[in-house]
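This report covers pockets and helix packing in the model shown below.

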Amino acid sequence: MDLPRHLSIQAHANRLANHRLHQAMGVLGRDEFHAPRTSFFPSLAATLNHLLAVDLYYIGALYGEPGGAQAFEQFKPADTVLELAERQAASDQRLIDYCLRLTPAGCDAEVAMDRGDHVQRDAAGHVLSHLFMHQTHHRGQAHAMLSGTAIKPPQLDEFLMPSDAHYRVTDMQLLGWREEDVYRQAAVTTGS
C-alpha cells in the first residue's frame with residue numbers, strides 16, 4: 001500500500017471514530033458535556049474542542065490558508081455535543097478530501113504552519129501523521145472520561161484493517177460509504 005492511500009484510509013478511520021464517539025455522546029446534556037473530569041483538558045467539552053481547534057489549524061495549513069495562528073487564537077468552542085459533532089464532521093470531511101487528492105509527491109510537499117512568531121515547515125506526510133496521532137490521543141482521553149458517565153465508551157479502533165469490516169457496517173452505512181471505495185481492495189479473509 002502506498003502512503004497516500006494509507007493516509008486516506010487513516011482520514012476515513014478518523015471520521016468513523018469521531019462519528020462513533022459523538023453518536024455515543026449524543027445523549028449527554030450540556031451540563032454533563034461541560035462537567036469537570038480528570039484529564040489535561042478537564043472536561044469532555046474542553047478536550048474535544050481542543051481537538052477540533054487543532055484539526056482546523058493543521059487542515060488549514062495543509063490547504064495553504066494564511067493566518068493559522070490568529071484563527072487558532074480566535075477559535076470559538078462548541079457549546080453542545082450536537083454543535084461539536086457537526087463542526088467536527090465538516091472538519092473531518094475536509095481532511096478526507098485533502099487525503100483523497102494526495103499524491104506521493106504531495107506527501108513530500110512543504111506545509112507552512114503559522115506559529116505567530118515564526119513559520120514552521122514540515123512535509124505534508126509528517127503533518128498528517130502528527131495530526132492523526134493528536135486526534136487519537138485526545139479521543140482516547142474523551143473515551144476514558146466517558147467511563148465517569150452513564151455512557152458505555154464506544155469501541156474506536158476497528159477502522160484501519162479491511163478484515164474488520166464486520167465491526168463497522170452500521171457506521172459505514174450511516175456515513176454513506178462503501179468498503180471498496182474506502183479501502184480500494186477486497187477484504188482479506190483470515191482463512192481460519
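## Terms and basis

Helices are DSSP runs of H or I with at least four residues, and strands are runs of E with at least two, numbered from the N terminus. The model is predicted: local features need pLDDT of at least 70 and side-chain atom pairs count only at pLDDT 80 or more, while totals for chains, interfaces and linings use all residues. Residues are numbered from 1 along each chain as its sequence is written, and side-chain values use heavy atoms, with hydrogens and water left out.

## Largest pocket

A pocket is an open set of points on a 1 Å grid over the protein atoms alone, where a 1.4 Å probe fits, with protein on both sides within 12 Å along at least five of seven lines; its lining residues have an atom within 4 Å of a point. Volume is the space filled by probe spheres set on the points. The largest pocket has a volume of about 230 Å³. Its lining numbers 16 residues, and Ala17, Thr136, Arg139, Leu156 and Asp157 are the closest to the centre.

Helix α7 (124-146) and helix α1 (3-25) each supply at least two lining residues. The largest share, six residues, comes from α7. By class, the lining has seven nonpolar, seven polar and two charged residues (nonpolar: Ala, Val, Leu, Ile, Met, Phe, Trp, Tyr, Cys and Pro; charged: Asp, Glu, Lys and Arg; polar: the others, Gly among them).

## Second largest pocket

The volume of the second largest pocket is about 200 Å³. Of its 14 lining residues, Leu56, Tyr57, Gly60, Glu65 and Ala71 lie nearest the centre. Two or more lining residues come from each of α3 (44-62) and α4 (68-73), and α3 gives the largest share, six residues. The lining divides into nine nonpolar, three polar and two charged residues.

## Packing of α3 and α5

Helix α3 packs against α5 (residues 81-100) at an angle of about 30 degrees, with the axes 10 Å apart; axes are lines fitted to C-alpha atoms over the stretch in contact, and angles run from 0 to 180 degrees between N-to-C directions. Therefore α3 is roughly parallel to α5 (a term for angles under 35 degrees).

In contact (heavy atoms within 4.5 Å) are, among others, Leu48, Leu52 and Leu56 of α3 and Leu84, Ser91 and Leu95 of α5. This contact has nine nonpolar, four polar and four charged residues.

## Packing of α5 and α7

The axes of α5 and α7 come within 13 Å and cross at roughly 150 degrees. Leu95, Tyr98 and Cys99 in α5 meet Ala124, Leu128, Leu131, Phe132 and Gln135 in α7. These residues divide into seven nonpolar, one polar and no charged.

Notes. Parallel < 35°, antiparallel > 145°, perpendicular 65-115°, else oblique.
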